Amino acid sequence: GESGQQLDQESGAGESVPVSIYVQLYFSSERRPAALSSPLTLPAASASSAPVTLTGLSLTAECSVSHKGCSYCACLSGYQWNASVCSHHRPCQTPLKHRPCGCLVFGPAEAGYCQLLPPVPAALSLNSWLHTPGDTLNLTRLTSQETTNLNWFLWPTGSPSPILLRAGTRVSLTSSRDRAVLSIVNISHKWAGEYICCFEARGFRWELHQMVRVPLQVTDVAGLPDQLSISCATSPGFQLSCCIPSAHLGYTASWSPRDASLFNTPDSQCLVLAVQRCPAADTTYTCDLQSPGLSPLRAAVSVTVIQDGDTTCPEDSSAVAWNVTKAGHVAQAPCPRKRRGMVKRPCRPEGVWGPIHSSCTDTGLLALLLRAQVKLLTLAGPGWPVDKVPQIWAQLPEQAVVVTSPTDLLALVGTMTILAKVVADVRIQLNGSALEALLKTTDKVLDMDSSSLWTPAWAQKPSVGSNLLLAVETLALSLCPQDQPFSFVLPNVQLQSQLLRPTFPADYRVSFPTQPPLQAQIPRHSLAPLGHNGTNVSVTSLVLRKLDHLLPSNYGQGLGDSIYATPGLVLAISIMAGGQVFNQGEVIMDFGDTDGSPHCVFWDHDPFQGKGGWSEAGCQVQAASASPTTQCICRHITAFSILMSGHTVPKDPTLEMLSQVGLGASILALLVCLGMYRLVWRFVVQNKVAYLRHMALLDMVLCLLAADTCFLGAPLLPPGPHSPLCLAAAFLCHFLYLATFFWMLAQALMLAHQLLFVFHQLSKHRGFSLMVFLGYLCPMGFAGVALGLYLPRGQYLGEGACWLDKKGGALYTLVGPVLAIVGVNGPSLSEGPQVEKHQALLGVIKALLVLTPIFGLTWGLGLATLLEEVSIVPHYVFTVLNTSQVGDKVVAAVLFAVRRLKSLPVSPQGGVMVEQKKYRLRDFKRFKFGSQFLH
């Protein structure tokens, strides 16, 4: 019996007790009864026992014997093999795991019988049988029995087999003793189909079915073509198509105003309207799709009839047969053989054909992409046999050869992106051959033409380059440990993967024979914590050529809006330990000798609306100790490169030498000026006005001397915002140059006050105090505000220099005040007696006519060097003129001292000439001070 119980020999006499027995019947012919009910008398178990009568006999299984002697036994309706028998026998076919088994294979000496199924122990509940795209699907299984081995399947529309669903980005699975919930967010018509819930309960395997329908949207309806321009003389008839994806919902389609014929394709349904006679006027044909209880869908196709006198584009059969098309319309044609999509060509208003725009995709690439999308349900987390991943990878290098259009490129990169996400989600390990197929495909993709393929692909999908980088990074991490160490070199792709033992003695180092040479190092202290439990650490280094030129020019905070150049290399480093990816750690990279001021950057996939961008967060530049190469230090592990400003002036040894010589001569001239002041000081400060004026000149000389000295020594300091000395040098130069000009402003305001307010003169002490406030505290405020405003943004220091950044605006906090001071500060007359005014006026006019063009030219060239796209010539001319002013500074200082000493004993008339020379010295300094900081 089924329960194994024994009949009571005494009390059971004369009673009818239902039992379950096993009887094996053999039929010589194919015809056999569905049930046997004739009474059969069984032999008694013993002489004293009462006879037992069998009152009913039903068939539970039907077996067919193969020529090898094996029996293929299938359960009849209402019966099933129990879970124990299923687990010990091979199924007749190859069903998905955990589904109920209705047919098993038994050996020649084996026997078995199907058992009567009890009532279904569970039920499915759906929140709504009809879901709008974008909704959340909730499917709940309710039961009062204890269940095990719960699995969810989806049999999509048009799919040959169901797909096992797993938790992923859009699928979530929850389960308790009496409730199990399948939840799918943001569904589309791709999620329509039959959902199957499989589980074990009461010794049997069960499955519950639920149909889910998702209506189509207007965007799913395609009218082909979407517009048509015809000439009745050359094309009296035409065809229009209205296509929708295959769906469980029964849509009825109709064309208006004509009848049409319907035909199906493997993945779509198309309603074709064949018009035999050309319409007399412009007509709009409408395709209506309706399903009970749903909103109708409609697609319209406008047909324009070419009339006599209309401007048209002629027939053209260069690549595709283009019919006569009315000006201002777009001609459309189907793609050539083995390609799917449409080819469009505009007819310009003047009747000339425009360029061809193709959306044709190779059917092989499209099938590969659709296979991934259908199998994986758009990356939602369903699983499938692991051995299918290498099968698809093996096809990718062959498919990469047929890429001839931007849509082909997008389909290929899309397939790689989908498979990379699945490999990471399911944690599939790739063998060496599969990884080689990936690298070969990547090498071919990077070698594709930029103008004809990549640029149009960017226009359609700006994140295509970032998606390719992320896919390759992800897949390179999935190499089996048994295949390591692994090395592979191609023209555009180089990969080195190494398995480090838990006790690695030294730093990890890797080098690549690229141009420029590329080296990377991970210090031991960054790797040591990963192997503390005896875990092997896998380090994968991947170099991609040309990829940096295929990424969008997006720059994060601190890089500004400038255009940068890259060395053509992207280095991606990945670390894995214990099956986990680690992104934190120090890595030191040497990108070789580079021109300009580099930035160490990494590619961040998230910003700029998912398009990705370069960021320098956590990275810094430092000079290599043993070579003049660019060395980057980053505190995290990802894809790295370097950026050089696209408008950086090339390093020129002659220009650098002229600048340094000019600064040195300027410092020497300022020291001579101080020496002259030391000789004549007591002779020139004989009154209050002279004292205040020459104190201002003295402070100007001191500030400019300190600023030039600081500016000359700044290149000896390590650049960058992380260097306190570099930051201090930039701040001091900013403050001292500003103080030079503010002292010039203080001198001008003091002389103007003395001239305008004759009867309200300031005392010497009060006047000098106000000049100190204006000459030192005001520039200190400007410099402090600039530091606090631009340093947190990363826009305070320039590229590779201890000086203000002109891109972020910090330099203009110096240029602005200087231009304002120079603009309002005019030449002042001397404080001497009012004699020979025409000589003083003549001296002022001479200064304006002679000195202003000379020093103004230097100013103009200095401002020109602030422009982005400027050649090297203005830099040379500016440096030469700037340096040539040093001689005038020395001569002016000497003449100033000699004339003052000679004129004092004679008469005050000489004072006019001395003041003219002093004015010239001051005027020279005004322009000199302004031009010095620009360089």
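**Stop 1**

Select C600 and C632. A disulfide joins C600 to C632, S to S 1.8 Å. A disulfide here is a pair of cysteine sulfur atoms within 2.5 Å. With -80° about the S-S bond, the link of C600 and C632 is left-handed. Now show the secondary structure. C600 is in strand β43 (residues 598–604) and C632 in strand β46 (residues 630–636). The pair links distant parts of the chain, 32 residues apart. Helices (H or I, at least four residues) and strands (E, at least two) are DSSP runs, numbered from the N terminus. C600 and C632 are both buried. Buried means under 20% relative accessible area, exposed over 50%, and partly exposed in between, with a 1.4 Å probe and protein chains only.

Before moving on, some ground rules. This is a predicted model, where local features need pLDDT of at least 70 and side-chain atom pairs count only at pLDDT 80 or more, while totals for chains, interfaces and linings use all residues. Residues are numbered from 1 along each chain as its sequence is written, and side-chain values use heavy atoms, with hydrogens and water left out.

**Stop 2**

How many disulfides does a search of the whole structure find? It finds eleven. Two more of them follow.

Select C335 and C360. Their sulfur atoms are 1.8 Å apart and form a disulfide. The torsion about the S-S bond is about -95°, so the disulfide of C335 and C360 is left-handed. C335 lies in the loop between β29 (330–334) and β30 (339–340). C360 lies in the loop between β32 (357–358) and β33 (361–362). The pair therefore ties together parts that are 25 residues apart in sequence. C335 and C360 are both buried.

Go on to C726 and C802. A disulfide joins C726 to C802, S to S 2.1 Å. The S-S torsion of C726 and C802 is about -125°, so this disulfide is left-handed. C726 sits in helix α12 (residues 724–756), and C802 in the loop between α13 (764–790) and α14 (812–824), so the pair ties together parts that are 76 residues apart in sequence. C726 is buried at 0% relative accessibility. C802 is buried with a relative accessible area of 6%.

Are they buried or partly exposed? C70 is partly exposed, with a relative accessible area of 21%. C778 is partly exposed, with 22%.

**Stop 3: a glutamine in a loop**

Select Q484. It is found in the loop between α7 (464–476) and β34 (486–489). Q484 is buried, with a relative accessible area of 12%. Which residues does Q484 touch, not counting those up to four places away in sequence? They are L479, S497, Q498, L499 and S538. Contact means heavy atoms within 4.5 Å.

Now select S538. A polar contact of 3.0 Å joins the side chains of Q484 and S538. A polar contact is a pair of N or O atoms within 3.5 Å; within protein, one must be able to donate a hydrogen and the other to accept it, and residues adjacent in sequence count only if both atoms are side-chain atoms.

**Stop 4: a sheet**

Show the four strands of an open sheet, in the order β5-β6-β9-β8 with antiparallel pairing. β5 (61–65) and β8 (90–91) stand at the edges, each with a single partner strand, so one side of each is left without a neighbour in the sheet. Two strands pair if DSSP finds at least two bridges between them. Two bridges join β8 to β9 (residues 103–106). To end, select R90, which stands opposite V105 in β9.
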